[in-house]
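Dear colleague,

Please read them with the structure open beside you.

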Amino acid sequence: MTGPAQDDAEVAYLREVTALAKSLIAAEDPYEVALDIHGVSAHASLEVEPAGFVWLIWGDLTDRVELNPDGHEQAAAEMVRAAREWLSLDLANREAVARYLDYWVHDVYRYARRTGTDADRSTRILLSDTS
């Protein structure tokens, strides 16, 4: 089961991020495209739930370059990995998208998971009907 249907804004956002992820992989330096993903996600986060989580991920990825210019090559490799993993997703499958976001937000960047009644809030939000 893929969960509730995605609305038009979410579908458009996911397509835009996917196009940017394809561009990032082909880019000589993925940093500028990563900034575009971050910016698009910041703007879309007001309407599209997954965008806030994507914004957080790509903010961390771009921060790695900005805060440690000597680690640019390693950060670029991580950006490419994140983009490739994004491109491997079935974006119509909300559970798959939620797993990707959970992995990058909590396992890679070590943001705390909520406990108690707020446990796995991001997964519940992504799987809920937002229409």
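Glu 85 pairs with Arg 81 in a salt bridge whose closest N and O atoms lie 3.0 Å apart; please keep in mind that this comes from a predicted model. The two residues both belong to helix H4 (residues 72-87), and because Glu 85 and Arg 81 are four residues apart there, about one helical turn separates them. Glu 85 counts as partly exposed, since its relative accessibility is 25%, and Arg 81, at 28% relative accessibility, likewise counts as partly exposed. This pair also belongs to a network of salt bridges that links Glu 78, Arg 81 and Glu 85.

The side chains of Arg 113 and Asp 102 form a salt bridge, with 2.7 Å from N to O. That pair links distant parts of the chain, as Arg 113 sits in the loop between helix H5 (94-108) and helix H6 (121-127), while Asp 102 lies in helix H5, eleven residues apart. Arg 113 is partly exposed, with a relative accessible area of 37%, whereas Asp 102 is buried, its relative accessible area being 16%, which is under the 20% cut-off for that class.

Arg 113 also forms a salt bridge with Asp 107, where the closest N and O atoms are 3.1 Å apart, and Asp 107 is partly exposed, with a relative accessible area of 32%.

How values were computed: Residues are numbered from 1 along each chain as its sequence is written. This is a predicted model: local features need pLDDT of at least 70, side-chain atom pairs count only at pLDDT 80 or more; totals for chains, interfaces and linings use all residues. Side-chain values use heavy atoms; hydrogens and water are left out. A salt bridge is a side-chain nitrogen of Lys or Arg within 4 Å of a carboxyl oxygen of Asp or Glu. Buried means under 20% relative accessible area, exposed over 50%, partly exposed in between (1.4 Å probe, protein chains only).
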